[in-house]
Amino acid sequence: MPENLLQWNRSSDCCTWDEVTCDEDGRVIGLNLRSKGIHGVINYSSLSSLQHLKILDLSYNIFGSKIPARIGNLTNLKLQRANTNRNIKAKKIDRS
């Protein structure tokens, strides 16, 4: 995990982190994880509490899995640039 992401912790306001965008109520609405050297599996449970998330940019990282179908439960989400991830198969999110 990249050094700057390792420094994220629960004791600081995540809205002050460079990679995070919050709305006026302090809810996380954007995560820009572009080119962060992230690799492995996308874990839906780590994103599931971000119900107000609108933009998620995972481009230029290396994932060994598909985007979890349950990510469609985040109804405000627009997945950004998923097709530029190596080893990830992006597909339209079915919200029906």
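Strand pairing and cysteines

A: In strand S2, Val-28 is the bridge partner of Cys-22. Strands here are DSSP runs (E, at least two residues) and helices are likewise DSSP runs (H or I, at least four), numbered from the N terminus. This is a predicted model, in which local features need pLDDT of at least 70 and side-chain atom pairs count only at pLDDT 80 or more, while totals for chains, interfaces and linings use all residues. Residues are numbered from 1 along each chain as its sequence is written, and side-chain values use heavy atoms, with hydrogens and water left out.

Q: In what sense do S1 and S2 pair?
A: They pair in the antiparallel sense, over 3 bridges; two strands pair if DSSP finds at least two bridges between them. S1 and S2 form a hairpin with 5 residues between them, and Gly-26 in the turn has a positive phi of about 80°.

Q: Which strand does S2 run parallel to?
A: S2 runs parallel to strand S4 (residues 55–57), and 3 bridges join them. Ile-55 in S4 is the bridge partner of Gly-30.

Q: How many residues of S2 are buried?
A: In S2, 4 of its 5 residues are buried. Buried means under 20% relative accessible area, exposed over 50%, and partly exposed in between (1.4 Å probe, protein chains only).

Q: Now the loop: where is Asp-23?
A: Asp-23 lies in the loop between strand S1 (20–22) and S2. With a relative accessible area of 16%, Asp-23 is buried.

Q: What lies 3.0 Å from a polar atom of its side chain?
A: The backbone nitrogen of Asp-25 does, and the backbone nitrogen of Arg-27 lies 2.9 Å from a polar atom of the Asp-23 side chain. A polar contact is a pair of N or O atoms within 3.5 Å; within protein, one must be able to donate a hydrogen and the other to accept it, and residues adjacent in sequence count only if both atoms are side-chain atoms.

Q: On to the cysteines: which two form a disulfide?
A: Cys-15 and Cys-22 do, with their sulfur atoms 2.0 Å apart; a disulfide is a pair of cysteine sulfur atoms within 2.5 Å. The torsion about their S-S bond is about -95°, so the disulfide is left-handed.
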